[in-house]
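Dear colleague,

I am handing over the structure below, and after it you will find my notes on what was found. Please read them with the structure open beside you.

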Amino acid sequence: MALIVQKFGGTSVGTVERIEQVAEKVKKFREGGDDIVVVVSAMSGETNRLIDLAKQISDKPVPRELDVMVSTGEQVTIALLAMALIKRGVPAVSYTGNQVRILTDSAHNKARILQIDDQKIRSDLKAGRVVVVAGFQGVDEHGNITTLGRGGSDTTGVALAAALKADECQIYTDVDGVYTTDPRVVPQAKRLDKITFEEMLEMASLGSKVLQIRSVEFAGKYNVPLRVLHSFQEGPGTLITLDEEESMEQPIISGIAFNRDEAKLTIRGVPDTPGVAFKILGPISAANIEVDMIVQNVAHDNTTDFTFTVHRNDYQNALQVLEQTAREIGAREVSGDTKIAKVSIVGVGMRSHAGVASRMFEALAKETINIQMISTSEIKVSVVIEEKYLELAVRALHTAFELDAPARQGE
């Protein structure tokens, strides 16, 4: 008999009919003899509706009160799902984050889980009940309701699985697994049977939207086997695990991630003196702007050109900060570009294969796609290119690294 934590997102519980479908799925698992803990999000659109209500009162709602309000979304879902299970003859009980005692820090709207009291859940499981827990929320040491930020229900699911030492944490969503890349861009994309935490973390941080980064970090830290499954279609999904199976069939590249939300800033003619990087990036960091890729070129006249990328939403703010810095340090000019995108190849197989980067560059060169910036790590290579070439680049790389699924008959 296994202990399984199942997490269902907002679209999976978006209507009463869908909640009934989830109850049927949970019932089947329970009948198979497994102990089940279910974590649910608010019904799709509900959190946004509640935030909109708050903003009708105040443009900047007090974070504590906002948490009190938005946490009610999940409270509705847990009660409805527990009712649907009981109606089917499955003993069930629902708990808010506060009732389970998911203890967090006091950072309202983006709290982090510190500890989980699993005693109540264990006694319910022992009594044969399915335990339904509200995702996305907890309570701080002062008894204040807290929320974990966008996608926090994934983190709740993984954290509960870690605390309970569950055999598997199953994340149910609107896709049937993790794909080699976005199937909307590359119809030949394949579902992966297995991927490592390390690869999934890179994919998530580089633009893949299947799982929330914090949940993958948590799962990797506590070695919780994670499985991504479709809410309403049968299938094995994708297992995310620590194992790096050495196999002749092991692909060099597991997937291709991309991100359109990038912008590039360049400061030219900067005096090339020690500490210049800090003079440029210190004020950017002080403005709470995250920098991604960095390239520095030194010219013959002892000046340097310094280029870095930020999230597109931070572009205008970063530009203003950089222009002020340019005046202070005597740089020649500042320029920017918001029409760029980042494309990345990811795979633990890179560690044991030489020439992966050059193969990537060759594939892009064949399509006459110019590379503006390059960043590498042990298991990824990322490039910045013009945004208009993004989809062409992803398709070319998908083919170059032999990730395309074979065409089905009749296609």
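**Helix α10 and what follows**

After α10 comes asparagine 288, which has a positive phi, near 65°. Please bear in mind that this is a predicted model, in which local features need pLDDT of at least 70, side-chain atom pairs count only at pLDDT 80 or more, and totals for chains, interfaces and linings use all residues. Residues are numbered from 1 along each chain as its sequence is written, and side-chain values use heavy atoms, with hydrogens and water left out.

Helices here are DSSP runs of H or I with at least four residues, and strands are runs of E with at least two, numbered from the N terminus. In helix α10 (residues 276-286), the buried residues are Val276, Ile280, Leu281, Gly282 and Ile284, where buried means under 20% relative accessible area with a 1.4 Å probe, protein chains only. Their cover includes β13 (255-271), β14 (291-298), β15 (303-311) and α11 (315-329), counting contact as heavy atoms within 4.5 Å.

**Helices α8 and α9**

Helix α8 (residues 197-205) packs with helix α9 (residues 213-222) at an angle of about 165°, their axes being 9 Å apart; axes are lines fitted to C-alpha atoms over the stretch in contact, and angles run from 0 to 180 degrees between N-to-C directions. The two helices are therefore roughly antiparallel, a term used for angles over 145 degrees.

**Domains**

The protein chain is divided into domain 1 (1-173) and domain 2 (245-410), with bounds from an automatic or database domain assignment, and their C-alpha centres lie 37 Å apart.

Note on methods:
Parallel < 35°, antiparallel > 145°, perpendicular 65-115°, else oblique. Buried < 20%, exposed > 50% of the residue type's maximum accessible area, 1.4 Å probe, protein only.
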